[in-house]
Amino acid sequence: MTSHLPTAYRAFINANGVFEGFVVMGDEEQYIILWGEDEVTTANVEMEVGAYAPGFVAFAGNGGGDIYAFDEAGAVFMLPMIGMAPDVAIKVADDFPGLARGFQREAALGT
């Protein structure tokens with residue numbers, strides 16, 4: 001499962017660890033909790049992402065019933081955990097670096 005994670009995601013996790021905090025996407029601020037590679041595998045199996053949203057690999061959650069997932073091209077989408085299906089996926093970034101640029105590190109560090 002982790003072999004489907006984009007290289008940029010793996011490099012970010014290896015260099016920075018997981019991120020938990022706010023991310024700005026367009027005009028909205030959302031909460032995000034990145035998962036480590038082991039968590040990605042476990043979560044995708046437990047949530048049956050491959051069965052309900054084929055072509056997607058979940059890599060983060062928002063703590064409120066949605067997950068963030070990569071499609072096969074590496075674009076980032078938000079999917080609801082209830083009613084998960086490819087046709088309800090909302091694209092939020094072209095790739096992981098595009099998403100990561102919106103991470104609000106100060107808020108995550110409590111400063």
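Keep in mind that the model is predicted.

Let's begin with Asn 62. Where does Asn 62 sit? You'll find Asn 62 in the loop that runs between strand E3, residues 57-61, and strand E4, residues 66-70. Is Asn 62 buried or exposed? Its relative accessibility is 13%, and buried means under 20%, so Asn 62 counts as buried.

Now look at what the side chain of Asn 62 does. It reaches the backbone nitrogen of Gly 64 at 2.7 Å, and the backbone nitrogen of Gly 65 at 3.4 Å. If we set aside the neighbours within four places in sequence, Asn 62 is also in contact with Tyr 31, Tyr 68 and Met 78.

Next, the charged pairs. Side chains of opposite charge can pair when their charged atoms come close. How many salt bridges does a search of the whole structure find? The search finds two.

One is between Glu 37 and Arg 10, where the closest N and O atoms are 3.8 Å apart. This pair links distant parts of the chain: Glu 37 belongs to helix H2, residues 37-46, while Arg 10 belongs to helix H1, residues 7-16, and the two are 27 residues apart. Glu 37 is partly exposed at 23% relative accessible area, and Arg 10 is partly exposed at 25%.

There is also a salt bridge between the side chains of Lys 91 and Asp 94, at 3.1 Å from N to O. Here Lys 91 is partly exposed, with a relative accessible area of 47%, whereas Asp 94, at 59%, is exposed.

Technical notes: Residues numbered from 1 in each chain as written. Predicted model: local features only at pLDDT ≥ 70, side-chain atom pairs only at ≥ 80, totals over all residues. Heavy atoms only, no water. Helix = DSSP H or I, 4+ residues; strand = E, 2+ residues; numbered from the N terminus. Buried < 20%, exposed > 50% of the residue type's maximum accessible area, 1.4 Å probe, protein only. Polar contact = N/O pair within 3.5 Å; in protein donor to acceptor, adjacent residues only side chain to side chain. Contact = heavy atoms within 4.5 Å. Salt bridge = Lys/Arg side-chain N within 4 Å of Asp/Glu carboxyl O.
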